[in-house]
Every structure is written in C-alpha cells, then in structure tokens.
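We will walk through it together, one stop at a time.

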Amino acid sequence: MRNLYVFIIFLMFIIRKDNVILGAVSALSFWSKNLFPILFPTFILVDLILSTTLPKYVSKVFGGFFKVLFKSPPISAFVFFLSLLCGTPTNAKLLKSMCDEGSIKSQDINKILSFCFFFNPFLIISFAGIKVLLIIWISNILVGIISRNNYKTENNDGILTQIPFSLSRSVGINLDIILNILGSVTVFMCVSYVIPFISPTINVISSSFLELSTAMYKNKLYFNSDYLYIFMFSIGGISIFSQIKSIMKDTSIDYKYLIKTRLLSLIIGLFICFIT
C-alpha cells in the first residue's frame, strides 16, 4: 500500500509539482498536529480498555437493547459508545482487534460499521456545530434500524474475551497503522490540491470525495454550509475508506455494503437538515 502511495505522489509531482508539495506539507502538518496526537494514544488506550472488563460490562448493560434494535451482537453497544467519542477509524481498530481475538466475525464488522460511522465530535462541532453532529448521529442510528436484517450473525450473543495488554506490542502495531494513515492522508490531500480549481462548489465536493479535512476547511472558507458538512461526514471520503482498509487487512469486509449504507445515511441526513 505504501509503495502505491509513493507511486501516485510521484506521478502527481511530475504533473503539478508545486501543488503536490503544498498538499504534502499540509498533510504532514495536519497529521502531526491533529491526527497523530489524537489517534496514536487513542489506539493504545483502546488496546488497554480491551484488556479490562469494561467492554463486557457495557455490553451486558446495553447489549440486549442493541440486539433488539439493530439485530447486532451485544458487544456492538460498547463499539457504538466508543465510536461516539472517538469516531472512525478508531472504531475500525477496535473491531479489528476483536475480530483477531475471535470475539466477533467479519459479518459483525459489516453490520456494526454501518451504524457506527462517526467522526470525532469535537472536530465536527468546531467546524459545523452541534446541529450537524446530532444529524450525523441520528442518521447513522436510522441506517442501523433500516438495515437491521442484513448480516445477521449465527451467534448473535457474541463471545467477548479480554485481550492481554502489551505496551510494546501495542506501540509497534499502532505505529504501523498510524503511518499507513499518514500515507493515505498525504496521497488524497495532494490529489485534492492537484485538481484544477473550476468553482468553489466543485472544489469542495471533489475534496469531500477524496480527503475529509481538506473538504472541511474549504467548506468553512467558501460556504460554511450544513448540507455540505452532512455530505462529507456521511460519505467519509476515499481517504477514510483507505484507512479502514489498511486497518482491516486480512479481514473480509463488504465495502460495497458499507458504501450503500453511507449513501443511505447521506439521504437521511440531508432530509433531516432540510426539515429542521
């Protein structure tokens, strides 16, 4: 994956060198100031939490409700609440760890990700406000309810095991993940900078398909539109999907299904924004 990122950046460098340099510098700055300080310690904290009884306790208290409402394993309750606070791709890291330990299956990941596709709430509030945050939360919950009959598990009770914590192992694995995220962010931020400027609207929308942070800044600069924020937070962008894929390697994830649920979330979110 890293070799592919390097090759893409090299091609773009030949085409529009100055824009690629600007995009790469912006990506490194964003990663070092925003992503690494938040995601890396959060990933390690997730590993630490999985070694405690907290996931089992939360699943026991709220799991029955999630089993009825979403037809998902009780453990999805813990993933849901953690996702509200940490967002994606932190929840992808959590789900991968659970899958590796046999607590859940790949089909459980498909279902849970479909209604836990969140982003850092403080990031959303700082750019878009509390209204957009609530709409994103509500639209994801409604997606989970609407698609509750998809990917039903054979053992819907789930088996949650405590995962032993090793700091050195956690640091090594998560450092590799965070570096892959840097590569993903750099590539798609460079692409967003390389695309010729046609109009503010096209520029924001194209950036939304590529890399979320760039799209947020551009929307804030040009429009500050709730509809555009909902659009970009609903679809996530290729960069986020690439980050999920790098984390979920060796895991059978139905990305077509995940994209369909993102489109459904987008439709619901735009409708709620319109009527409110």
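K71 counts as partly exposed because its relative accessibility is 25%; the term covers values between buried, under 20% relative accessible area, and exposed, over 50%, using a 1.4 Å probe and protein chains only. You can find K71 in the loop between α3 and α4. The phi of K71 is near 55 degrees, which is a positive value in a residue other than glycine. The helices named here are DSSP runs of H or I with at least four residues, numbered from the N terminus, while strands would be runs of E with at least two.

Before going on, a word on what you are looking at. This is a predicted model, in which local features need pLDDT of at least 70 and side-chain atom pairs count only at pLDDT 80 or more, while totals for chains, interfaces and linings use all residues. Residues are numbered from 1 along each chain as its sequence is written, and side-chain values use heavy atoms, with hydrogens and water left out.

How do α3 and α4 pack? Helix α3 covers residues 54-70 and helix α4 covers residues 76-86, and they meet at an angle of about 105 degrees with their axes 6 Å apart. Here the axes are lines fitted to C-alpha atoms, for helices over the stretch in contact, and angles run from 0 to 180 degrees between N-to-C directions. The two helices are therefore roughly perpendicular to each other, a label for angles of 65 to 115 degrees, whereas under 35 counts as roughly parallel, over 145 as roughly antiparallel and the rest as oblique.

Which residues meet there? From α3 come L54, P55, V58, S59, F62, G63 and F66, and from α4 come S76, A77, F78, F80 and F81; contact means heavy atoms within 4.5 Å. By class, this contact has nine nonpolar, three polar and no charged residues. Ala, Val, Leu, Ile, Met, Phe, Trp, Tyr, Cys and Pro count as nonpolar, Asp, Glu, Lys and Arg as charged, and the others, Gly among them, as polar.

Stay with α4 for a moment. Eight of its eleven residues are buried, so the helix is mostly covered. The buried ones are S76, A77, F78, V79, F80, L82, S83 and L84. Their cover includes α2, α3, α5, α6 (106-115), α7 and α8 (130-146). Just after α4, G87 takes a positive phi of about 80 degrees.

Leaving aside residues up to four places away in sequence, S76 touches F66, I112 and F115.

For another serine, move to S168 in helix α9 (residues 167-194). At 60% relative accessibility, S168 counts as exposed. The side chain of S168 makes a polar contact with the side chain of S166 at 3.4 Å.

Next comes helix α11 (residues 212-222), where L212, S213, T214, A215, M216, K218 and N219 are buried. These buried residues pack against α2 (17-49), α7 (121-127), α9, α10 (200-210) and α12 (226-235). Just after α11, N224 takes a positive phi of about 55 degrees. D250 has a positive phi too, of about 70 degrees, although it is not a glycine. D250 lies in the loop between α13 (238-247) and α14 (255-275), and with a relative accessible area of 81%, D250 is exposed.

Finally, step back to see the whole chain. Its secondary structure comes to 14 helices and zero strands. The radius of gyration is 19 Å, close to the 19 Å that the globule rule gives for 276 residues, so the chain is as compact as a globular protein of that length. That radius is taken over C-alpha atoms, and the globule rule is 2.2 Å times the number of residues to the power 0.38. Buried residues make up 53% of the 276 residues.

Note on methods:
Polar contact = N/O pair within 3.5 Å; in protein donor to acceptor, adjacent residues only side chain to side chain.
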